[in-house]
Amino acid sequence: MRIVFMGTPEFAVPSLKALAESGDEVVALVAQPDKPKGRGLKPSPPPTKVIAEALGIPVLQPPGIRTEAFLQELANLRPDLICVAAYGKILPKTVLEIPQFGCLNVHASLLPKYRGAAPINWAIARGEKVTGITIMQMDEGMDTGDILLTREIPIDYDDTGETLTGKLSLAGAELLLQAIAELRKGY
């Protein structure tokens, strides 16, 4: 299967690596543009870009995903599937309709709870004992598409945003591969 992966922060890295090792063809990474960091405000690549370049996966960092130029570039990749993990932007219908099998999102909560940004931080802040990963078929709404798979992850007493992000990102990568296997069977 030809897959475009869209993701930017560290949370997305395990999913990108899992896809690259899965036997499917990751034809491109789409990530947010490099951002200035440090004292000199030198442009710094997002974690997914560093991994993609190490794996030889082409990297696209468009300033916007609604431009005709980007939409054409994405369509020219002929993806069968787009997989998304913390990309950072809502995908427009024009992107969602490009791949034959649509777009799957790795979301860091048990939807419908904690839609949108910062679901990990909200779960900790609200004293939840359990959170999880949801793999969903994306639609035009904010985390409103069909839920395909979920996995619960306990929140330990000493978990922080960072430790829980690590647990959820690994579980998300595993669940994404499972969802793709189910998709092949006619999900």
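Modeller: Threonine 48 counts as buried, since its relative accessibility is 0%; buried here means under 20% relative accessible area, exposed means over 50%, and partly exposed lies in between, with a 1.4 Å probe and protein chains only. The model is a predicted one, in which local features need pLDDT of at least 70 and side-chain atom pairs count only at pLDDT 80 or more, while totals for chains, interfaces and linings use all residues. Residues are numbered from 1 along each chain as its sequence is written, and side-chain values use heavy atoms, with hydrogens and water left out.

Threonine 48 belongs to helix α2, where helices (H or I, at least four residues) and strands (E, at least two) are DSSP runs numbered from the N terminus. Leaving aside residues up to four places away in sequence, threonine 48 touches Phe5, Gly7, Thr8, Pro9, Ala12, Val13, Leu16, Leu29 and Ala31, a contact being heavy atoms within 4.5 Å.

Helix α1 (residues 13-21) and helix α2 (residues 47-55) pack with their axes 9 Å apart and at an angle of about 20 degrees. That angle makes α1 roughly parallel to α2, as angles under 35 degrees count as roughly parallel, over 145 as roughly antiparallel, 65 to 115 as roughly perpendicular and the rest as oblique. The axes are lines fitted to C-alpha atoms, for helices over the stretch in contact, with angles from 0 to 180 degrees between N-to-C directions. On the α1 side the contact is made by Val13, Leu16, Lys17 and Ala20, and on the α2 side by Pro47, Thr48, Ile51, Ala52 and Leu55. By class, this contact has 7 nonpolar, 1 polar and 1 charged residues, where Ala, Val, Leu, Ile, Met, Phe, Trp, Tyr, Cys and Pro count as nonpolar, Asp, Glu, Lys and Arg as charged, and the others, Gly among them, as polar.

Helix α1 also faces the sheet. It lies across β1, β2 (25-30), β6 and β7 (103-107), and runs at about 170 degrees to β1. Within α1, Val13, Pro14, Ser15, Leu16, Ala18 and Leu19 are buried, and what covers the buried residues of this helix includes β1, β2, α2, β6, β7 and α6 (161-184). Just after α1, glycine 23 takes a positive phi of about 100 degrees.

The sheet itself is open and mixed in its pairing, with 7 strands in the order β5-β2-β1-β6-β7-β8-β9. At its edges stand β5 (59-60) and β9 (147-154), each with a single partner strand, so one side of each has no neighbour in the sheet. Strands of a sheet pair through backbone hydrogen bonds, either parallel or antiparallel, and two strands are said to pair if DSSP finds at least two bridges between them.

Strand β1 (residues 2-7) pairs with strand β6 (residues 81-85) in the parallel sense over 5 bridges.

For contrast, arginine 78, in the loop between α3 (68-76) and β6, is exposed, with a relative accessible area of 55%. Its C-alpha atom and that of threonine 131 are separated by 35 Å, the two residues being 53 residues apart along the chain.
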